[in-house]
Amino acid sequence: MRILHLLNHTRRLNGHVHAAVDLACEQAERGHQVAIASQGGDFDALLRSNNVETIFASHERSPKRVLKSVIGCGDAIRRWRPDIVHAHMMTSAVLAWPACKLLRVPLVTTVHNEFERGAILMGLGTRVIAVSGAVAASMRRRGIAASRIDVVLNGTIGSARVRGRSEEPQGLDHPAVVFVGGLHPRKGVPDLLQAFAMAFPHNPAMRLYIVGGGPHQGAYVEEARALPCASAITFAGPRDDPYRWMLGADIFVLPSHADPAPLVLSEAREAGCAIIATDVDGIPELLDGGSAGILVPPRAPDKIAEALNMLTADPAQLSAWRAKSQVNVDHLRIARVAEQTLAVYRRAAGVAQ
């Protein structure tokens, strides 16, 4: 099958980019002819080394340049002659739709960020992939027919993007609590800071490491400095190798207010962390409904603190939850994602399975 992925860029530290790159490389490894049309970025060399062709396609959408982008994406589709076009963001779907209609090429879209207002435009796809059941439910509420939606839960274990990474744990003080993610309001980092401050008096040896960057980093650093436990909190900044921090962690915490299906949870489970995460969106699905990690309500620092106290006070509980994170973890492998996505392509193309 000839598969053309469309996304705005291929830069690091963007979840939808990681998911698209992982999928494209796995499809190429399975013998399909695969290309990514984007504005380029950090992963282009990795893509080419894994037999994924990279094509430049402008995704500019300002009024003066959007027509040029539509024509450019259309030209890429015409020249490459794919059997399937797979758009990963709203802009990509809108730019690809005219050419797909004209050339009668099935357009598959993946809803990575359903909380965005423009997510309804992903309904332009012949079929719409939701990265979790929660995302599928949200899209149905927005008017997308259930018959056109397929759920393919995110997973990244075994992907080409993570092969060859260091398996050396980051040297951390223990018990080590780690967060990895963008420093944006929806990730709930202030809740984690408050929770850590509540739990810290019960175990002053505990340390918190916040790995990631974002527009609110300065504000969060200032908030942490005002806490009595400030010396126990480290802001490590964005890292190309955050997996090392998860390998070095005892506990991974994801306090999100909204998170469709965060890839970082499959990495935290692969690393063998005990996991505390909020019961929102696709997070419970990635934690097997709470069997593989402790689920707490969103915006509830006291509940995160209770879980931290339980895990750090009792080594047996910590070991038990680390072991639970490994049960059924193979379901989060990229191979399963690729198999299910190819089944969606066949449905989009009208091929009987």
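I started with Arg104, which is exposed, with a relative accessible area of 78%. The cut-off I used for "exposed" is over 50%, so Arg104 gets that label. A reminder to myself: this is a predicted model.

Next I looked up where Arg104 sits. I found Arg104 in the loop that runs between helix H4 (90–103) and strand E5 (107–111). Then I checked its backbone. The phi angle of Arg104 is near 60°, which is positive, and this residue is not a glycine.

**Another positive phi**

I went on to Asn51. Its phi is near 65°, again a positive value in a residue other than glycine. Where is Asn51 placed? I traced Asn51 to the loop between helix H2 (44–49) and strand E3 (52–56). Is Asn51 buried or exposed? Asn51 has 62% relative accessibility, so I wrote it down as exposed.

**A cis peptide bond**

Then I checked the peptide bonds. The one going from His174 to Pro175 is cis, and its omega is near 0°. I found Pro175 in the loop between strand E7 (149–151) and strand E8 (176–180).

**The largest pocket**

On to empty space. A probe the size of a water molecule, rolled over the atoms, shows where empty space is left. The largest pocket came out with a volume of about 1,200 Å³. I noted 46 residues in its lining. Which of them lie nearest the centre of the largest pocket? I wrote down Leu13, Asn14, Gly15, His18 and Gly182.

I also looked up which helices take part. Helix H1 (15–29), helix H8 (243–248) and helix H9 (264–270) each supply at least two residues of this pocket's lining. H1 gives the most, with four residues. Sorting the lining of the largest pocket by type gave me 19 nonpolar, 14 polar and 13 charged residues.

**The second largest pocket**

Last entry. The second largest pocket has a volume of about 210 Å³. Which residues line the second largest pocket? My list has Asn8, His9, Gln39, His59, Arg61, Met89, Met90, Thr91, Glu116, Gly118 and Ala119. How do the residues of this lining divide? I got three nonpolar, six polar and two charged. Arg and Glu count as charged, so Arg61 and Glu116 are the two charged ones here. Met and Ala count as nonpolar, so Met89, Met90 and Ala119 make up the three nonpolar ones.

Conventions. Residues numbered from 1 in each chain as written. Predicted model: local features only at pLDDT ≥ 70, side-chain atom pairs only at ≥ 80, totals over all residues. Heavy atoms only, no water. Buried < 20%, exposed > 50% of the residue type's maximum accessible area, 1.4 Å probe, protein only. 1 Å grid on protein atoms, 1.4 Å probe; cavity = no way out; pocket = protein on both sides within 12 Å on 5 of 7 lines; lining within 4 Å. Points joined across faces, edges and corners; volume = space filled by probe spheres on them.
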